[in-house]
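Keep the sequence and the 3D view open while reading.

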Amino acid sequence: MAGDTSASRERFFRETGLAAAVAELAEPVLEDLGFRLVRVHIQGREGKIVQIMAERPDGTITVNDCETISRQLSPLLDVHDVISGSYRLEISSPGIDRPLVRPSDFEDWADHEAKVELSEIVDGRKRFRGRLEGFEDGEIRMEVDLPEVGPTVVGFPVSLVSDAKLVLTDELVREALRRAKKSRQTDDAGNDVGPGDEVDLED
């Protein structure tokens, strides 16, 4: 297994284009504030939406946390003129069916179902869906149902993974709620940011 090492907590997922420029600025700021970047996503041409998914190391984030991040990142993005024209900055939690962007994510959510897309064809396809088995020896391990073989545990080098996320199931929802209750954090008003909730900041 990967274990709780610094390498296993580093993001293997890398944005491209404008999102990559935003991520490069945002990641160190988030780390200084005690958060970690999950993913940056940019939508639309007119009136762009810049979505930054973030969380604390324990997977939680509050409304106040999102507002703090917004206040720190918005002027930084403006100073560096990363986004031309007007845009809306959204700080959000990763959601229940979250993206998996670190080797440790595959450990943390082992036994849950996930979708994985590869950058290269393996066994005739790029997309796989199955139950996570963790991360070992640089590979994502998951049990998939292969034609004419049946359920089989396969491994994919993390360098080949272009996209991965959890599949929303009843079991996942129960587990996400259990974890949220266990490590519940509230802001000054007693409001949590639920999975998929976001805080907007207009530029």
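## Aromatic pairs

Two aromatic pairs are counted in this predicted model. Rings of Phe, Tyr and Trp (its six-membered ring) count as a pair if their centres lie within 6.5 Å; planes under 30 degrees apart are called stacked, over 60 edge-to-face, and the rest tilted. The ring centres of Phe128 and Phe156 are 4.6 Å apart and the planes meet at 45°, so this pair is tilted.

Phe128 lies in strand β5 (residues 125–136) and Phe156 in strand β7, 28 residues apart, so the pair links distant parts of the chain. Strands here are DSSP runs of E, at least two residues long, numbered from the N terminus. Phe128 and Phe156 are both buried (under 20% relative accessible area with a 1.4 Å probe, protein chains only).

## A charge over a ring

The charged end of Arg179 sits over the ring of Trp109, 3.8 Å from the ring centre. The rule asks for NZ of Lys or CZ of Arg within 6 Å of the ring centre and within 35 degrees of the ring normal.

## The sheet

Five strands make an open antiparallel sheet, in the order β7-β6-β5-β4-β8. Two strands pair if DSSP finds at least two bridges between them. β7 (150–157) and β8 (161–166) are at the edges with a single partner strand each, so one side of each has no neighbour in the sheet.

Strand β6 (residues 139–146) runs antiparallel to β7 and is joined to β7 by eight bridges. Asp145 has Pro151 in β7 as its bridge partner.

## Notes on the model

Residues are numbered from 1 along each chain as its sequence is written, and side-chain values use heavy atoms, leaving out hydrogens and water. Local features need pLDDT of at least 70 and side-chain atom pairs count only at pLDDT 80 or more, while totals for chains, interfaces and linings use all residues.

Key:
Helix = DSSP H or I, 4+ residues; strand = E, 2+ residues; numbered from the N terminus. Buried < 20%, exposed > 50% of the residue type's maximum accessible area, 1.4 Å probe, protein only.
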